[in-house]
Amino acid sequence: METYQYVLLGLAALGLLFWVLLFLYVLIGYYRAVHTYPVPSDAIVVLGTHLQGDKPGALMRRRLELALQLYRAGAAKYIIVCGGKRRGKPPTEAVAMAVWLVQRGMPSRYVVREGVSRDTRENITNAKRLLDLLGFHTCIIVSSDFHLYRAMSIARHRGMIVSGSAAKTPGALFRIRLILRETLGWCKMWFTREAPGAPLVLPKIEEEEEAGA
């Protein structure tokens, strides 16, 4: 074999080793996520994902069901829903999630919408800005089991005090496919230069009604 062929084989082997190690790292993160438990906090932060038309898709519904369960259990008073438009079409993920929650009895004054972020990094960045502006210090991040560990890693890198709660992804094969895709998310986070989040407009928070009003 020519020298350059050995070099190419060596590079291919290193590349394969990198992906194997990265996949194992993501698997460890998945295991940690499903064994992460929420602690009472100022707010619950629900990260967005794909819609089905103008309504939450299957993964988003699982996240919302878990967030609503946590709210009803008294884990936090507010829910912050994060996610902007995908492919430029309304509604935003945040609007769709807020509507879903309100339709199931969540008081609208306790639902805060962050509707400009486009990916996980911006979800977390803008959620932190909202938490800071609202005077909150702690939060529970709710996302899918394959995604939660990366979201919490980003949040802790930004100095946030967080716990987490993982929504179970249905179907073993579907879950494995999403875990594989998550390796690309880690690569993007590690190898792309970090940019500031999308511009944020602080939503109006309705004041809590006085008792007996």
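Among contacts (heavy atoms within 4.5 Å) between residues at least 6 apart in sequence, 73% join residues at least 24 apart. The model is predicted: local features need pLDDT of at least 70, side-chain atom pairs count only at pLDDT 80 or more, and totals for chains, interfaces and linings use all residues. Residues are numbered from 1 along each chain as its sequence is written, and side-chain values use heavy atoms, with hydrogens and water left out.

The protein has 6 helices and 7 strands, taken as DSSP runs numbered from the N terminus (helices H or I, at least four residues; strands E, at least two). Read from the N terminus, their order is α-β-β-β-α-β-α-β-α-β-α-β-α. Of the 213 residues, 43% count as buried; buried means under 20% relative accessible area, exposed over 50%, and partly exposed in between (1.4 Å probe, protein chains only). The accessible surface comes to about 11,900 Å², and 59% of that belongs to carbon and sulfur atoms. Areas come from the Shrake-Rupley method with a 1.4 Å probe; for residues, only the protein chains shown count as cover.

Helix 5 is mostly covered, with 7 of its 10 residues buried. These are Leu148, Tyr149, Arg150, Ala151, Met152, Ile154 and Ala155. The buried residues of helix 5 pack against helix 1 (3–34), strand 1 (43–47), helix 4 (120–133), strand 6 (138–144), strand 7 (161–167) and helix 6 (172–191). Just after helix 5, Gly159 has a positive phi of about 80 degrees.

Arg150 lies in helix 5 (residues 148–157). Arg150 counts as buried because its relative accessible area is 11%. Leaving aside residues up to four places away in sequence, Arg150 touches Thr120, Glu182, Gly185, Trp186 and Met189.

Ser117 sits in the loop between strand 5 (111–114) and helix 4. Its relative accessibility is 0%, so Ser117 is buried. With residues up to four places away in sequence not counted, Ser117 touches Cys82, Gly83, Gly84, Glu122, Asn123 and Asn126. Ser117 and Leu47 are 70 residues apart in sequence, and their C-alpha atoms are 9.9 Å apart in space.

On the surface, Lys55, Arg61, Arg62, Arg104 and Lys168 gather in a patch of positive charge. Patch residues have over 30% relative accessible area and no salt bridge, and like charges are joined within 9 Å. A salt bridge is a side-chain nitrogen of Lys or Arg within 4 Å of a carboxyl oxygen of Asp or Glu. Arg61 belongs to helix 2 (residues 58–72) and is partly exposed, because its relative accessible area is 32%.

How values were computed. Patches are made of residues with over 30% relative accessible area and no salt bridge: like charges are joined within 9 Å, nonpolar side chains (Val, Leu, Ile, Met, Phe, Trp, Tyr) within 5 Å. Lys and Arg count as positive and Asp and Glu as negative; His and the chain ends are not counted. The place of a charge is taken as NZ of Lys, CZ of Arg, CG of Asp or CD of Glu.
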